[in-house]
Structures are given as structure tokens and as C-alpha cells.
Amino acid sequence: MNTDGSLNERYLYYKNAIIYSLHHPFGKGAYAFYFAQSQFQNTYYYAIDVHNDYLQIMLEAGIMPALLFVIVLVMQFFQRKILLSKS
């Protein structure tokens with residue numbers, strides 16, 4: 001199994017998704033990555049989504065909802081950690 005190719009592809013997806021998100025900070029809606037790939041690709045690839053939930057939310061809904069998503073995840077992590085330490 002060649003993981004190097006997959007790793008390079010994911011890196012391209014992530015890099016291009018971040019660049020596109022910075023140009024569209026309020027998001028571009030559902031399937032934004034799929035429909036807009038050709039606008040920001042520097043090499044050819046075909047992907048329906050970014051394969052990263054945070055970046056997918058940032059592309060589709062915008063930067064602020066993505067930050068809210070991360071904040072909620074962090075809060076849940078610390079709440080669960082506190083509950084487990086009390087047990």
C-alpha cells in the first residue's frame with residue numbers, strides 16, 4: 001500500500017481548501033470543495049470533499065462557524081475529562 005501518494009493528495013486538498021476559505025470567509029455552501037476545485041487547483045485531482053471535517057465546515061459555512069465547531073469540541077473534551085477525573 002502506497003501511503004505517500006495519499007498523504008500528498010491530502011496535503012494538496014488541505015492547502016487548497018485553506019486558500020479558498022481565506023478568499024471566501026463566509027463559506028460557499030454545500031459541496032463547495034467539489035464545485036470549486038477547478039478554480040483553485042494547482043494540480044489536477046478529483047475529490048468530492050476535503051476529507052477533514054474542520055476544513056469542510058470552514059469551506060461550506062465559513063470561518064466563524066468552523067471556529068465555533070472547534071470551541072464546542074474543546075469544551076466537550078474538557079467537560080468529559082473533568083467528569084472522568086471525578087469518578
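Leu83 is exposed, with a relative accessible area of 57%, where exposed means over 50%, buried under 20% and partly exposed in between, computed with a 1.4 Å probe and protein chains only. Leu83 sits in helix α4, residues 63-86, and helices here are DSSP runs of H or I with at least four residues, strands being E runs of at least two, numbered from the N terminus. Please keep in mind that this is a predicted model, in which local features need pLDDT of at least 70 and side-chain atom pairs count only at pLDDT 80 or more, while totals for chains, interfaces and linings use all residues. Residues are numbered from 1 along each chain as its sequence is written, and side-chain values use heavy atoms, with hydrogens and water left out.

From Leu83 to Tyr31 we cover 52 residues in sequence and 37 Å in space, C-alpha to C-alpha. Tyr31 belongs to a nonpolar surface patch together with Tyr34, Phe35, Tyr44, Tyr46 and Ile48, and together these residues have about 770 Å² of accessible area. Patches are made of residues with over 30% relative accessible area and no salt bridge, nonpolar side chains (Val, Leu, Ile, Met, Phe, Trp, Tyr) being joined within 5 Å and like charges within 9 Å; a salt bridge is a side-chain nitrogen of Lys or Arg within 4 Å of a carboxyl oxygen of Asp or Glu. The areas come from the Shrake-Rupley method with a 1.4 Å probe, and for residues only the protein chains shown count as cover.

Now to the rings. Searching the whole structure gives six aromatic pairs, a pair being two rings of Phe, Tyr or Trp (its six-membered ring) with centres within 6.5 Å, called stacked for planes under 30 degrees apart, edge-to-face for over 60 and tilted for the rest. One of them joins Tyr13 and Phe33 edge-to-face, at 5.9 Å centre to centre and 70° between the planes. Because Tyr13 lies in helix α1 (residues 3-23) and Phe33 in helix α2, this pair ties together parts 20 residues apart in sequence. Tyr13 is buried at 6% relative accessible area, and Phe33 is buried at 0%.

Tyr34 and Tyr46 also pair edge-to-face, since their ring centres are 6.0 Å apart and their planes at 80°. This pair links helix α2, which holds Tyr34, with the loop between α2 and α3, which holds Tyr46, 12 residues apart. Tyr34 is partly exposed at 32%, whereas Tyr46 is exposed at 52%.
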